[in-house]
Amino acid sequence: MGEQDALATIKSDVESNKVFLYMKGTPDAPQCGFSAQVVQVLKNYGINYGSRNVLEDWDIREGIKKFANWPTIPQLYVKGKFVGGCDIVSEMHRKGQLAEVLKDL
């Protein structure tokens, strides 16, 4: 794919989906515990969201780290903005802050 194509794909993913998750695996079959944890949090809200399995494309996997300047996966985006990784999303959920971010979708 190449780095520039990967960054263009990432930009398109986060801009064309109200909620988008970059993860290892898929929502139905997460391939790491952190991705599974974020999927579980999102299930609590009953929202539709897009996702991309970073294990399927090395350029996307590396590109997403540069895109958000965030070194780990999963990464959650809402309304085109980076929300955070597993720890941040889980903490925001626990504190009720994620509900605020996800309202009005």
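This is a predicted model: local features need pLDDT of at least 70, side-chain atom pairs count only at pLDDT 80 or more; totals for chains, interfaces and linings use all residues.
Is Phe82 buried, partly exposed or exposed? Phe82 is partly exposed, because its relative accessible area is 28%. I will return to Phe82 when I come to the aromatic rings.

The largest nonpolar core comprises 16 residues, and Leu21, Leu42, Leu76, Val83, Val89, Leu98 and Leu102 are the ones with the most contacts inside it. At least two residues of this core come from each of the following: strand S1 (19-23), helix H2 (33-45), strand S5 (75-78), helix H4 (86-95) and helix H5 (97-102). Of these contributions, that of H2 is the greatest, at 4 residues. Apart from this core lies another, of 11 residues, and among its members are Tyr22, Val54, Ile60 and Ile73.

Leaving aside residues up to four places away in sequence, Val83 touches Leu76, Tyr77, Val78, Ile88, Val89, Met92, Leu98 and Val101.

How does the length of H2 compare with what 1.5 Å a residue would give? The 13 residues of H2 should span 18 Å, and the C-alpha atoms at its ends are 19 Å apart, which agrees. The buried residues in H2 are Ser35, Val38, Val39, Val41 and Leu42. Because these residues cover an arc of only 160° around the axis, they are placed on the same side of H2. On the face turned away from the buried side of H2, one finds the exposed residues Gly33, Lys43 and Asn44. The cover over the buried residues of H2 includes S1, strand S3 (29-30), S5, H4 and H5. Just after H2, Gly46 adopts a positive phi of about 60°.

Asn53 lies in strand S4, which covers residues 50-53. Is Asn53 buried or exposed? Asn53 has a relative accessible area of 12%, so it counts as buried. Its side chain reaches the backbone nitrogen of Gly25 at 3.0 Å. Beyond residues up to four places away in sequence, Asn53 touches Met23, Lys24 and Gly25.

Finally, the aromatic rings. The count comes to 5 aromatic pairs. In one of them, the ring centres of Tyr22 and Tyr77 are 6.0 Å apart and the planes stand at 85°, so the pair is edge-to-face. This pair links distant parts of the chain, with Tyr22 in strand S1 and Tyr77 in strand S5, 55 residues apart. Both Tyr22 and Tyr77 are buried.

A further pair brings us back to Phe82. The rings of Trp70 and Phe82 have centres 5.3 Å apart and planes at 55°, so this pair is tilted. Trp70 lies in the loop between helix H3 (58-68) and S5, while Phe82 lies in strand S6 (residues 81-84), so the pair ties together parts 12 residues apart in sequence. Trp70 is partly exposed, with a relative accessible area of 27%, and Phe82, as I said in opening, is partly exposed at 28%. Ring pairs link Phe20, Tyr22, Phe67, Trp70, Tyr77 and Phe82 into a cluster. Thank you for your attention.

Definitions and conventions. Residues are numbered from 1 along each chain as its sequence is written. Side-chain values use heavy atoms; hydrogens and water are left out. A nonpolar core is a set of buried Ala, Val, Leu, Ile, Met, Phe, Trp, Tyr and Cys residues joined through side-chain atoms within 4.5 Å. Buried means under 20% relative accessible area, exposed over 50%, partly exposed in between (1.4 Å probe, protein chains only). Contact means heavy atoms within 4.5 Å. The expected span of a helix is 1.5 Å times one less than its number of residues. The arc is that of the directions from the helix axis to the C-beta atoms. A polar contact is a pair of N or O atoms within 3.5 Å; within protein, one must be able to donate a hydrogen and the other to accept it, and residues adjacent in sequence count only if both atoms are side-chain atoms. Rings of Phe, Tyr and Trp (its six-membered ring) pair if their centres lie within 6.5 Å; planes under 30 degrees apart count as stacked, over 60 as edge-to-face and the rest as tilted.
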